[in-house]
Amino acid sequence: MTRRATDNSNALDAFIAAKTEIDAMLERLAALSADHFEIHPDEINWGHVGTLNHYRAKLREITDMAFKEGEHAE
């Protein structure tokens, strides 16, 4: 019996769409970071630190999954 080639065009389209969205989010985050998250150094308070730590924890979760580090290490 001959196997028919699988058409992955829909999966490829979805993958490219997700990647494009991720790239756009990363670009926006990089720009926001370059602008010190729109916070003047004289205005920084512990609330800003907490918010930034929250962002960092979410990004750490993503990078740990992507690079198989932390709790996702093999």
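Q: Where does Lys68 lie?
A: Lys68 lies in the segment after α2. This is a predicted model, where local features need pLDDT of at least 70, side-chain atom pairs count only at pLDDT 80 or more, and totals for chains, interfaces and linings use all residues. Residues are numbered from 1 along each chain as its sequence is written, and side-chain values use heavy atoms, with hydrogens and water left out.

Q: Why is Lys68 called partly exposed?
A: Buried means under 20% relative accessible area, exposed means over 50%, and partly exposed is in between (1.4 Å probe, protein chains only). Lys68 has a relative accessible area of 46%, so the label is partly exposed.

Q: What is noted about phi of Lys68?
A: Phi of Lys68 is near 55 degrees, a positive value in a residue other than glycine.

Q: Why is Glu38 called exposed?
A: Glu38 has 62% relative accessibility, so this residue counts as exposed. Glu38 lies in the loop between α1 and α2. Phi of Glu38 is near 60 degrees, again a positive value in a residue other than glycine.

Q: What makes Asp23 and Lys19 a salt bridge?
A: The term asks for a side-chain nitrogen of Lys or Arg within 4 Å of a carboxyl oxygen of Asp or Glu. The side chains of Asp23 and Lys19 meet at 2.6 Å, N to O.

Q: Where do the two partners lie, Asp23 and Lys19?
A: Both are in helix α1, 4 residues apart, about one turn of the helix. Helices here are DSSP runs (H or I, at least four residues), numbered from the N terminus. Asp23 is partly exposed because its relative accessibility is 35%. Lys19 is partly exposed too, because its relative accessible area is 41%.

Q: What makes the surface patch nonpolar, and which residues form it?
A: A patch takes residues with over 30% relative accessible area and no salt bridge; nonpolar side chains (Val, Leu, Ile, Met, Phe, Trp, Tyr) are joined within 5 Å. Ile22, Met25, Leu26, Leu29, Leu59, Ile62 and Met65 form the nonpolar patch, with about 620 Å² of accessible area together. α1 gives the most, with 4 residues.

Q: Why is Leu59 called partly exposed?
A: Leu59 is found in helix α2. Its relative accessibility is 38%, so Leu59 counts as partly exposed.

Q: Which residues line the largest pocket?
A: The lining is Ile22, Met25, Leu26, Leu29, Leu59, Ile62, Thr63, Ala66 and Phe67. A pocket is an open set of points on a 1 Å grid, where a 1.4 Å probe fits, with protein on both sides within 12 Å along at least five of seven lines; lining residues have an atom within 4 Å of a point. About 210 Å³ of space lies in the largest pocket. α2 supplies the largest share of the lining, 5 residues.

Note on methods. Points joined across faces, edges and corners; volume = space filled by probe spheres on them. Helix = DSSP H or I, 4+ residues; strand = E, 2+ residues; numbered from the N terminus. Patch = residues over 30% accessible without salt bridge, like charges linked within 9 Å, V, L, I, M, F, W, Y side chains within 5 Å. Areas by Shrake-Rupley, 256 points an atom, 1.4 Å probe, with all protein chains shown as cover.
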